Amino acid sequence: MNAGTAAIPFSTPIPLWLNGEEVKTETTYEVVSPSSGEILYESSSASVQDAEKAIASCEATLESWSATKPSFRRDILLKAADILAQRKDELFQLVNQETGAVDSMFGFEFNLAIEACKSVAGMIPVAVRGSVPVPFEEGKSAMVLREPYGVILAIAPWNAPYILGLRACLGPLAMGNTVVLKGAEASPGAYWSIASILHQAGLPKGVLNTVVHRPQDAAEVTSAIIAHPSVRKVTFTGSTRTGAIIATQAAKHLKPTLMELGGKAPTIVCEDADLQQAALGCALGAFLHSGQICMATERIIVLASIVEDFKKALHATMDQVFGHPDGLILVNEAPVKKNKEMLQDALSKGARVVYGDAGHNAEIKTAMRPVIVENIRQDMDLYHTESFGPTVSLFTVKSDDEAVQLANDTDHGLSAAVFTEDLRRGFRIAKRIKSGAVHINSMSVHDESALPHGGHKKSGYGRFNSLEGLEEWVQTKTISWKD
């Protein structure tokens, strides 16, 4: 797929979507390509006043949108899936230029985005329901309704904007809420396209409004939206550090939150595993999108009896899949610096490189070669800290018990993987890992709209996807009466 073949679908600066219209702001900022360092275009930057307009638009349309029939909402999402497919080349161009995502990463998240639209659409008639319980008191009846919260603030990241941006707003919209979608400043074009597609599919004006702003305005604008009395719930996907700040601010206003945060995903390789399959799963799970995925494998845990054979298989797989001498492109220079600092800290304390060149300096400042290191100890930053980049630790253990103990020795718990030919063994291990998901004989990076997705511990709380994900966006109301 050629990222340069499609024309940019908007006139710059990239506009916001406010009340169904494309609005350009006086304040703008430059969007820079991580691959070339060149300025791609400018984007509108929302102020607090722009954010308040977005909220007001959501508030004005809430009653009419929440009263629409489930079939009406369903048909919009199904049409959105068709439009996504039609605009595939355009969407790849935007995300490739803005975040450096290559064909494999785009294909992964693009398919998830289409499936999310279809899956949520199909579940709406089932999820929108009430009940008529039988009260204990004679002569009385009751019903329990499920009603939307109201205006939702949905904050989504840059690294997989189509699936994570759509996921942030599809559930709330499906259940009758209206949404202020706050996209990442690194990928404003991708977030413009999400709103564009949903409006093209027939979403009424004002039901979905977008906010994108300069990095230096993040705290002011975000805090203002959270504090606004019309905003009733907040969802955030991103780093644990930022999530804690947002959850704290929401709690001050007694507003519930749905958080999907960072990870430190382990992958356990048992001695009976298919080593080629395990090596490919570890390589892809660790370095897809340059490791910039919250579910990415950060720790490879291998049983001692097969560790040398596994290293050979992993080395050969890495050469084949991620062996380009220029390395992998990251979103900007900051994660490159962070990863190199953690590597130097580990190496200075006795860690050893298993694969890659920790000292490589690419001509492109946003590029870095993938590195796998071993002999990682608890006094090293890399043991505890999410790299969110192309740096992975390899551990050798003597038993399943030791593997599980190491897998759980982290503040995070978003995703994990186990490779074994014994399904019963894999299931026993999976049950003991404290994580929102464990994937047997598949990489740790896994997401599908039919399965609940979310974290344990500091990886967040609440669930996206499936019926559990839709139920996040309604609250119950009990009505009783005398017969």
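Modeller: This is a predicted model.

Colleague: What makes W65 and F72 an edge-to-face pair?

Modeller: Ring centres must lie within 6.5 Å, and planes over 60 degrees apart count as edge-to-face. For W65 and F72 the centres are 6.3 Å apart and the planes make 65°, so the pair is edge-to-face. By this rule the count comes to 10 aromatic pairs.

Colleague: Is W65 buried or exposed?

Modeller: W65 has a relative accessible area of 3%, and the limit for buried is under 20%, so W65 is buried. R73 lies over the face of W65, at 5.9 Å from the ring centre.

Colleague: How do you know what kind of pair Y383 and F395 form?

Modeller: The ring centres of Y383 and F395 are 6.0 Å apart and the planes stand at 90°, so this pair is edge-to-face. Y383 belongs to helix α12 and F395 to strand β17, so the pair ties together parts that are 12 residues apart in sequence. Y383 is buried, and F395 is buried too.

Colleague: Which residues do ring pairs link into a cluster?

Modeller: The cluster consists of F10, W17, Y41 and W192.

Colleague: Where does the charged end of R167 sit?

Modeller: The charged end of R167 is over the ring of F464, 3.9 Å from its centre.

Colleague: What is said of phi at S466, and is S466 buried or exposed?

Modeller: S466 has a positive phi of about 60° although S466 is not a glycine. Most residues other than glycine have a negative phi. S466 is found in helix α15, residues 466-471. Its relative accessibility is 4%, under the 20% limit, so S466 counts as buried.

Colleague: What about N441?

Modeller: N441 also has a positive phi of about 60° without being a glycine. N441 lies in the loop between β19 and β20. With a relative accessible area of 26%, between 20% and 50%, N441 is therefore partly exposed.

Colleague: Which peptide bond is described as cis, with omega near -5°?

Modeller: That is the bond from T12 to P13. P13 is placed in the segment before β1.

Colleague: What makes β14 and β19 edge strands?

Modeller: The open sheet has seven strands in the order β14-β16-β17-β12-β11-β18-β19, with mixed pairing. β14 and β19 each have a single partner strand, so one side of each is left without a neighbour in the sheet. The twist averages 25° from one strand to the next.

Colleague: How many bridges join β12 to β17?

Modeller: Five bridges join these strands, which run parallel. Two strands pair if there are at least two bridges between them, so β12 and β17 count as paired. In β17, V397 is the bridge partner of L303.

Notes. Residues numbered from 1 in each chain as written. Predicted model: local features only at pLDDT ≥ 70, side-chain atom pairs only at ≥ 80, totals over all residues. Heavy atoms only, no water. Helix = DSSP H or I, 4+ residues; strand = E, 2+ residues; numbered from the N terminus. Buried < 20%, exposed > 50% of the residue type's maximum accessible area, 1.4 Å probe, protein only. Phe/Tyr/Trp six-rings, centres within 6.5 Å; stacked < 30°, edge-to-face > 60°. Lys NZ or Arg CZ within 6 Å of the ring centre and 35° of its normal. Axes fitted to C-alpha atoms, helices over the stretch in contact; angles between N-to-C directions.
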